[in-house]
Amino acid sequence: MEIGWLEDFISLASTGNFSRSADERNISQSAFSRRIRALEHWLGADLIDRSRFPTTLTPAGHAFYQTALDVVRVLQRERAEFRGLVKRDARTIRICATHTLAIHFAPGWIAALRQADRTGELNVKMIAADLHDCGQALMEGACDLVLAYNTNAIPSMFGMSRFEVAVIGADVVAPVSAPGDDGSARHTITAASDDAFPLLAYAANSYLGHLVGSGLDAWDLTRRARPSYESSLVEALKGMALAGDGIAWLPRSAIQTELKAGRLVSCGLQSDYDLHVEIRAYRRAERERSIVEHVWRALLELPKDHAISA
């Protein structure tokens with residue numbers, strides 16, 4: 001069934017005349033008649049009472065007329081909206097970022113990118129997901145760029161030659177706790193003590209879970225850690241740390257306000273237990289839409305002082 005058949009039928013119902021409707025539809029009368037027959041065959045019912053003049057609709061024709069009008073109107077409206085979307089899509093870039101970066105890093109970075117971009121409107125569709133889903137989205141073409149943490153301690157899933165990479169910032173994942181009555185950390189970690197400490201832990205299969213786990217092993221802290229809460233979300237662990245329930249390794253970009261206000265404080269002496277990470281942008285290596293190529297060039301030229309988050 002073709003939408004043109006519905007438009008033919010609507011015209012014929014309006015004019016009641018095959019010849020006039022054929023002229024209106026800019027086709028021959030014989031071709032017009034064949035299209036009406038094709039619609040009737042597809043429906044399995046006669047729509048036109050050809051025994052009368054002017055042409056009238058059969059009961060089935062009357063019943064189908066409103067349906068035909070509704071279908072055509074919906075399709076025409078959707079086509080108009082879709083054409084508008086396609087036009088806007090020429091300036092839209094789809095970015096998939098891990099949750100923390102989508103919340104705490106991406107807004108400032110995108111603002112700097114837009115400020116440096118002098119070629120016109122830039123629309124961003126931001127998708128927050130875990131690292132695995134971000135990588136899957138990039139490989140399947142569901143996004144144009146991925147923003148993610150990277151460190152040499154954890155093998156990258158973007159190591160294949162099919163991806164290009166750019167370092168766009170840095171962060172520090174540090175152990176923090178709510179303060180006690182004297183303002184110092186309620187829960188502390190020191191190399192001189194073997195005391196256990198309550199750990200607000202990341203899910204073991206998350207990127208930060210792997211990162212913090214490798215750090216605990218390297219510092220010989222795994223045996224002292226007593227997991228009391230687990231989540232894959234930084235915001236969830238931050239909430240528990242603010243409640244005083246334990247120590248969480250949190251990206252400084254996510255806790256700047258809380259650190260300045262003294263609601264969270266460092267648990268380690270100096271920076272002994274800090275984990276340094278890069279913030280990277282990834283894209284597919286093959287040539288992409290012009291907006292993707294443009295944004296990639298712009299982010300490569302963006303001064304690092306605009307992109308460093310911690």
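Arg 283 is buried, at a relative accessible area of 2% (buried means under 20%, exposed over 50% and partly exposed in between, with a 1.4 Å probe and protein chains only). This is a predicted model, in which local features need pLDDT of at least 70 and side-chain atom pairs count only at pLDDT 80 or more, while totals for chains, interfaces and linings use all residues. Residues are numbered from 1 along each chain as its sequence is written, and side-chain values use heavy atoms, with hydrogens and water left out.

Arg 283 pairs up with Glu 293 in a salt bridge, with 2.9 Å between the closest N and O atoms (a salt bridge being a side-chain nitrogen of Lys or Arg within 4 Å of a carboxyl oxygen of Asp or Glu). The pair links distant parts of the chain, 10 residues apart: Arg 283 sits in strand 11 (residues 275-284) and Glu 293 in helix 10 (residues 290-301). Helices (H or I, at least four residues) and strands (E, at least two) are DSSP runs, numbered from the N terminus. Glu 293 is buried too, at 10%.

On to Asp 144 and Arg 94, whose side chains meet in a salt bridge at 2.9 Å, N to O. Asp 144 lies in the loop between helix 6 (131-140) and strand 5 (145-150), and Arg 94 in strand 3 (residues 92-97), 50 residues away. Asp 144 is buried at 1% relative accessibility, whereas Arg 94 is partly exposed at 24%.

The structure holds 16 salt bridges. Another of these joins Glu 40 to Arg 50 (3.0 Å, N to O).
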